[in-house]
Amino acid sequence: MPLRIAFQMDPITGVDIDADSTFRLAEEAQGRGHEMFFYTPDRLTWRDGRVVARAQSMTVRRVKGDHVTLGEEHELDLGTVDVVWLRQDPPFDMGYITTTHILEQLSPQVLVVNDPFWVRNCPEKLLVLQFPDLIPPTMIARELEDLRSFKAEHDDIILKPLYGNGGAGVFRLDPNDRNLASLHELFVTLSREPLIAQKFIPDVSNGDKRVILVDGEPVGAINRVPAAGETRSNMHVGGRPEKIGLSDRDKEICAAIGPLLRERGQIFVGIDVIGDYLTEINVTSPTGIQELERFDGINVAEKIWQAIEARRAG
């Protein structure tokens, strides 16, 4: 049965159609006969018990420079659609969090993907704390002395903002580095949030693996290899995607976290694995669908929609 789908996302007119996961989800939805609407987060409103958005009808096509047609903007009662996709990119700030509170009011009549209650309560770098046996030595702290103690214990560490994304603000502090105090001063000036420190994993030179899970089950992985002279492997900062399979350790990690993701309505999730360690569980706006589809010849978007359609039918 055709569904009415609303995508809450950043402007779709500017996406890279060969890489953007939301575009691929919309393309697959259209092919399955679903009706689609688009709106940006600033167009979302709660008023007198109703959740509405200034939305536009949407059709997509795989033509660069002409990949989307949007209708006239109109008020869409989101209580009348079947599925809302929460797909805007971080930062995971109060604006983002507020949208999760508003979208939560649509439950249970409307399926919001991923479930906004748990998106709000499962930030990428915090959900992993529930699996201490799977992650590298980690500290979340704001005090400089705590971070100094962590670095003294592990020598070579990664320091990054707790709610950052896309590799922004990620620093490696090796045993000879003397910049911890300066970086701490910079971070605490910019934000009141704690920092996250993790022991540096040398295996990152071989790549940072993105494993995609659909309704708690792994469907495949891509490897993201850092550019020469770069610690970060994020594709936003020049990381190179390459084909890779799931290792036994990857499957072990997925088996440990999959039931929790399924229970919490996190249908499309991307986890980051370096060597034998889980480093992040990405639930806000995961990426990697198109790269995985090209490398493995599978239809990941179809699997995601099958999971959504099954939930709606249930």
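Colleague: In which strand is T279 found, and is T279 buried or exposed?

Modeller: This is a predicted model, and in it T279 belongs to strand β17. Its relative accessible area is 6%, and a residue under 20% is classed as buried. T279 in strand β17 is therefore buried.

Colleague: With which side chain does the side chain of Q198 make a polar contact, and at what distance?

Modeller: Q198 has a relative accessible area of 5% and is buried. Beyond its neighbours within four places in sequence, Q198 is in contact with P136, P137, T138, F150, I157, I158, K160 and T279. The side-chain polar contact is with T138, at 3.3 Å.

Colleague: Which element gives the most residues to the largest nonpolar core, and how many does it give?

Modeller: The largest nonpolar core has 41 residues, and L78, V84, I271 and I281 are those with the most contacts inside it. Elements giving two or more residues to this core include β2 (35-39), β4 (50-60), α2 (94-104) and β17 (277-282). The element that gives the most is α7, with five residues.

Colleague: With which residues is L78 in contact, leaving aside its neighbours within four places in sequence?

Modeller: L78 is among the residues with the most contacts inside the largest nonpolar core. Once neighbours within four places in sequence are left aside, its contacts are A6, Y39, L44, V51, V52, A53, V84, L103, L106 and V110.

Colleague: How many residues has the second, separate core?

Modeller: Among the members of this second core are L111, V113, I222 and I289. The core is separate, and its size is 34 residues.

Colleague: Why do the buried residues of α9 line one face of the helix, and what arc do they span?

Modeller: Helix α9 (residues 300-313) has 14 residues and reaches 20 Å from its first C-alpha to its last, close to the 20 Å expected. Its buried residues are V300, A301, I304, W305, A307 and I308. Viewed down the axis of α9, these residues line one face because they fall within an arc of 155 degrees.

Colleague: Which residue caps the N-terminal end of α9?

Modeller: A side-chain oxygen of the capping residue lies 3.4 Å from the backbone nitrogen of A301. The residue that supplies this oxygen is N299.

Colleague: Which side chain reaches a backbone nitrogen at the start of α2, and to within what distance?

Modeller: The buried residues of α2 are Y96, I97, T99, T100, I102 and L103. At the start of this helix, the backbone nitrogen of G95 is approached by a side-chain oxygen of D93, to within 3.2 Å.

Colleague: Are the rings of F117 and W118 stacked or edge-to-face?

Modeller: A search of the whole structure finds five aromatic pairs. The ring centres of F117 and W118 are 4.9 Å apart, and their planes stand at 85 degrees. Planes over 60 degrees apart count as edge-to-face, so the pair F117 and W118 is edge-to-face.

Colleague: What C-alpha distance separates D48 from P202?

Modeller: D48 is in the loop between β3 (44-47) and β4, and it is exposed, with a relative accessible area of 68%. D48 and P202 are 154 residues apart in sequence, and the C-alpha distance is 54 Å.

Terms used: Residues numbered from 1 in each chain as written. Predicted model: local features only at pLDDT ≥ 70, side-chain atom pairs only at ≥ 80, totals over all residues. Heavy atoms only, no water. Core = buried A, V, L, I, M, F, W, Y, C linked by side-chain atoms within 4.5 Å. Buried < 20%, exposed > 50% of the residue type's maximum accessible area, 1.4 Å probe, protein only. Helix = DSSP H or I, 4+ residues; strand = E, 2+ residues; numbered from the N terminus. Contact = heavy atoms within 4.5 Å. Expected span 1.5 Å × (residues − 1). Arc of directions from axis to C-beta. Polar contact = N/O pair within 3.5 Å; in protein donor to acceptor, adjacent residues only side chain to side chain. Phe/Tyr/Trp six-rings, centres within 6.5 Å; stacked < 30°, edge-to-face > 60°.
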